[in-house]
Amino acid sequence: MEKRMESGKQSYVLTEMTWPEVEEALQHVKMAIVPVGAHEQHGPHMNESCDAVLATEMAKRLAEVLHPQVLVTPTVNMGVSPHHLNFPGTISLRPETLLAVLRDMVVSLQRHGIDKVLFLNSHGGNQGTLGLACASFVQELGVECYYAKTTASAKKAMKEHITSPLFGHSCEREVSEAYYLAPHLVRPERLVKGDIVHGGRWESMRPGNPIQGYYRYEEMTRNGCIGDATKASLAIGKAIVEEALDELSAALRPLLAEPNGAQAAYGERELAS
């Protein structure tokens with residue numbers, strides 16, 4: 001049975017379905033999309049649920065584009081966020097906790113016949129754990145496993161609309177995405193620029209530098225933001241989100257058309273042993 005979102009487009013969203021509806025949908029579904037977010041501070045102008053909500057909304061829209069071949073699971077709404085813990089309200093998981101939750105979800109999905117999974121992630125701090133999860137689950141469970149950032153593939157829109165040299169958290173990019181996907185996340189009257197702490201050791205560990213390492217977010221920003229959220233707009237959010245959906249769906253369609261190579265390889269290995 002096809003579920004309909006408020007937009008009128010069709011998609012399979014597990015939290016909105018009964019088991020007979022799921023049973024029928026499984027005749028068509030080839031992949032589960034698992035939204036993965038976080039619960040962490042987003043400065044004075046965004047709700048702390050931001051990452052989880054944006055991951056959910058992106059997953060739902062991707063499921064509309066790829067219907068009926070994908071199904072959206074419940075969202076993992078906490079992530080690996082220790083670098084934000086000194087800001088009130090942040091809740092962080094250990095990497096091994098997130099890994100265990102994802103593994104149990106994949107095992108459950110596999111029991112229902114779904115052996116292709118995409119972790120659709122909206123929090124940079126989860127990326128390392130998701131890479132490990134995919135490598136482990138392919139080898140241990142014989143599933144086909146992928147991960148992607150929600151809007152990282154929207155390179156043209158980013159280049160055209162984002163001007164801050166430092167952005168990525170409660171900035172013009174993320175606030176714009178929220179304006180388009182979930183405007184209730186934003187406090188428009190409180191929008192501020194990131195209050196950056198210049199000259200700190202964090203500057204030598206940003207992406208693109210030869211050395212990477214751990215630093216606390218307050219070492220980089222006093223108010224929990226980077227970039228310039230005052231430049232955010234609905235139009236920028238639409239450009240970023242729609243380009244990302246185009247890129248993600250184009251990358252996923254060939255994977256949906258193929259048999260599960262990981263499962264086949266796993267089966268061959270079992271027979272050989």
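This is a predicted model: local features need pLDDT of at least 70, side-chain atom pairs count only at pLDDT 80 or more; totals for chains, interfaces and linings use all residues.
Student: Let's begin with packing. What should I expect of nonpolar side chains, and which residues of the largest nonpolar core touch the most other members?

Tutor: In soluble globular proteins, nonpolar side chains tend to be buried together. Here the largest nonpolar core holds 39 residues, and Met58, Leu62, Leu120, Val175, Leu185 and Val186 touch the most other members. Two or more residues come from each of strands E3 (31-36), E4 (70-72) and E5 (116-121), and from each of helices H2 (50-66), H5 (155-161), H6 (172-181) and H7 (234-257). H7 gives the largest share, nine residues. There is also a second, separate core of 27 residues, with Val76, Val106, Cys134 and Val143 among them.

Student: Could we look at individual members? What does Leu120 contact beyond its neighbours within four places in sequence?

Tutor: Leu120 is in contact with Ile33, Val34, Pro35, Val36, Ala55, Met58, Ala59, Leu62, Ala148, Lys149, Thr150 and Leu248, once those neighbours are left aside.

Student: And where is Val175 found?

Tutor: Val175 is in helix H6. Its relative accessible area is 0%, so Val175 is buried. Not counting residues up to four places away in sequence, Val175 touches His45, Met46, Ser170, Val186, Leu191, Ala229 and Ala232.

Student: Now the aromatic rings. How many aromatic pairs does the structure hold?

Tutor: One. To read such a pair, look at the distance between ring centres and the angle between planes; an angle over 60 degrees counts as edge-to-face. Phe119 and Phe137 are 6.3 Å apart, centre to centre, with 70 degrees between the planes, so the pair is edge-to-face. The pair links distant parts of the chain: Phe119 belongs to strand E5 and Phe137 to helix H4 (residues 127-141), 18 residues apart. Both Phe119 and Phe137 are buried.

Student: What about backbone geometry? Which residues does a cis peptide bond join?

Tutor: Most residues other than glycine have a negative phi, and most peptide bonds are trans. In this model a cis peptide bond joins His67 and Pro68, with omega about 5 degrees. Pro68 is placed in the loop between H2 and E4.

Student: Where is Ser170 found, and what is its phi?

Tutor: Ser170 is in the loop between H5 and H6. Its phi is positive, about 55 degrees, although Ser170 is not a glycine. Ser170 has a relative accessible area of 0%, so it is buried.

Student: Last, the largest pocket. What is its volume, and which residues are closest to its centre?

Tutor: The volume is about 1100 Å³. Of the 38 residues lining the largest pocket, Gly124, Gly125, Lys149, Arg206 and Pro207 are closest to its centre. H2, H4 and H6 are the elements that give two or more residues to the lining. By class, the lining has 15 nonpolar, 16 polar and seven charged residues.

Note on methods. Residues are numbered from 1 along each chain as its sequence is written. Side-chain values use heavy atoms; hydrogens and water are left out. A nonpolar core is a set of buried Ala, Val, Leu, Ile, Met, Phe, Trp, Tyr and Cys residues joined through side-chain atoms within 4.5 Å. Buried means under 20% relative accessible area, exposed over 50%, partly exposed in between (1.4 Å probe, protein chains only). Helices (H or I, at least four residues) and strands (E, at least two) are DSSP runs, numbered from the N terminus. Contact means heavy atoms within 4.5 Å. Rings of Phe, Tyr and Trp (its six-membered ring) pair if their centres lie within 6.5 Å; planes under 30 degrees apart count as stacked, over 60 as edge-to-face and the rest as tilted. On a 1 Å grid over the protein atoms alone, a cavity is a set of points where a 1.4 Å probe fits but cannot get out, and a pocket is an open set with protein on both sides within 12 Å along at least five of seven lines; lining residues have an atom within 4 Å of a point. Grid points are joined across faces, edges and corners, and a volume is the space filled by probe spheres set on the points. Ala, Val, Leu, Ile, Met, Phe, Trp, Tyr, Cys and Pro count as nonpolar, Asp, Glu, Lys and Arg as charged, and the others, Gly among them, as polar.
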